[in-house]
Each structure stands twice: as C-alpha cells, then as structure tokens.
Amino acid sequence: MSEAPKDIEHLIDLMARLPGLGPRSARRAVLHLIARRGQLMGPLGDAMQAVAGTARECLNCGNISTTDVCGICEDDARAQGQICVVEDVADLWAMERAAVFKGRYHVLGGTLSALDAIGPEDLGIPRLIDRVATEDVSEVILALNATVDGQTTAHYIADELEGKVSVTSLAQGVPVGGELDYLDEGTIGAALKARRGV
Ligand SMILES: [Zn+2]
C-alpha cells in the first residue's frame, strides 16, 4: 500500500486521523516534519508529550486546562455573575478572541442529539444547573451555534433554568460587514426578529 517504512507509515496513519487531514495531507505533513526533524519534529514531539501528560478538562466549567480548575475559573476578576454557555472549547476561544466577555464559561462538549443518544448528563447540563444554584450567578448567556441541535439544546437549557436565573442568548442576524443581498432567508428572518431600536 505504501513505500514508507513501517514506523513512518504508522505516523502517517495517526496523522490522517486529525480533523482536516486526509491520508494525502498526512503524508505531506510527515515528509515535511521528517525534513525538519531538528527544528520542528523533535520540539513537536516534546510538546505533544508534555500536553498529553497535563491536559484535562476544568472540573468547574469543562474548559481545556493543564490544572484541575482552569485560569478563567480561578480569575476572581471574572466572577461577574455571568456564565456563557458554549458548545465546545473552540467556541470559548472564539469568544475570548473577541475580548468582550468578562465573565465565566460553561463548556457543554456538544449538543443534545436524539439521533446520537446524547442526553443532558452527557453535556454537563446538570453541572450547569448546579453552578447556577451554588455560584453567585445573575445571568446565563447561551452562545450556542445557530444549528437545529444548537437551538434545541438552548431551548432545553432555558426551560431547565426558568425561574432560577435570567437566561439570554446571542442575537442572530446580519454579520458585521455583511450585505443583505448575500444572506439566506433564514438569516434575514432571524435578523428581522432580533431588530432593536437605534
Ligand atoms: Zn474552568
């Protein structure tokens, strides 16, 4: 199947499992690494080993961390009474890149899905309800994806928290820099619904 020695073939097989990399890109990546094994492959191997040994999920919010409780949860300056609920860590990082939210997070690790048999317990929703009950929380902001599963999950959480805390969700609509002519009907409809006074 391949001309590469067994060890290298094994590495290619592992790399090909990464998101966005198929066998062809994996072969190219591995050849690139081997050509730069001093500057890149060695340090990459060391870094992977280090993170593999320390990476874990924050016991409080589910964020990726190298300690039991993540830096955001430990930061007293971020105890603003707001919890922003996101589907995964990539979404948390996206929120952090925007640098506008100063509260804390709750990472679900996915969305509810009857098809894949993913229930509330699989997503840490009971833990979120527990946080609302025990932490000083004034608002839960649902920053879930505007997909069917994302919105189903948002409705479920809103129902569970009803009467316990104020629940809001991100507005849906016209993206910054977006032109109406290029938007689909669903986005225009959502933008019209979420209109506000100027
Ligand atoms: Zn945390």
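## Terms and model

Helices (H or I, at least four residues) and strands (E, at least two) are DSSP runs that are numbered from the N terminus, and these names are used below to say where a residue lies. The structure is a predicted model, in which local features need pLDDT of at least 70 and side-chain atom pairs count only at pLDDT 80 or more, whereas totals for chains, interfaces and linings use all residues. Residues are numbered from 1 along each chain as its sequence is written, and side-chain values use heavy atoms, with hydrogens and water left out.

## The zinc site

The zinc ion is coordinated by the SG atoms of C58, C61, C70 and C73, at 2.3 to 2.4 Å; donors are N, O and S atoms within 2.8 Å of the metal (3.2 Å for Na, K and Ca), and since water is not among the atoms, sites may look incomplete. Along the chain, the donors of the zinc ion follow the spacing C-x2-C-x8-C-x2-C.

Why is the arrangement around the zinc ion tetrahedral? The 4 donor atoms subtend angles of 105 to 115 degrees, which makes it so; four donors count as tetrahedral if all angles lie between 85 and 135 degrees. Both C61 and C70 are buried, where buried means under 20% relative accessible area, exposed means over 50%, and partly exposed lies in between (1.4 Å probe, protein chains only).

## Salt bridges

A search of the whole structure finds 3 salt bridges, each being a side-chain nitrogen of Lys or Arg within 4 Å of a carboxyl oxygen of Asp or Glu. One of them joins the side chains of D68 and R56, at 3.0 Å from N to O. This pair links distant parts of the chain, since D68 is in the loop between β2 (64–65) and α4 (71–74) while R56 is in strand β1 (residues 56–57), 12 residues apart. D68 counts as partly exposed because its relative accessibility is 42%, and R56 counts as partly exposed at 34%.

The side chains of R78 and E96 also meet in a salt bridge, at 2.9 Å from N to O. Here too the pair links distant parts of the chain, with R78 in the loop between α4 and β3 (82–86) and E96 in helix α5 (residues 89–98), 18 residues apart. R78 is buried, with a relative accessible area of 12%, whereas E96 counts as partly exposed at 26% relative accessibility. A further salt bridge is formed by the side chains of R131 and E135, at 2.8 Å from N to O; R131 is buried, with a relative accessible area of 3%, while E135 is partly exposed, with 24%.

Because its relative accessibility is 48%, A99 counts as partly exposed.

A117 is found in the loop between β4 and α6 (125–134), and its phi is near 55 degrees, a positive value in a residue other than glycine. With a relative accessible area of 64%, A117 is exposed.

Note on methods: Tetrahedral: all angles 85-135°; square planar, octahedral: opposite > 155°, others 65-115°.
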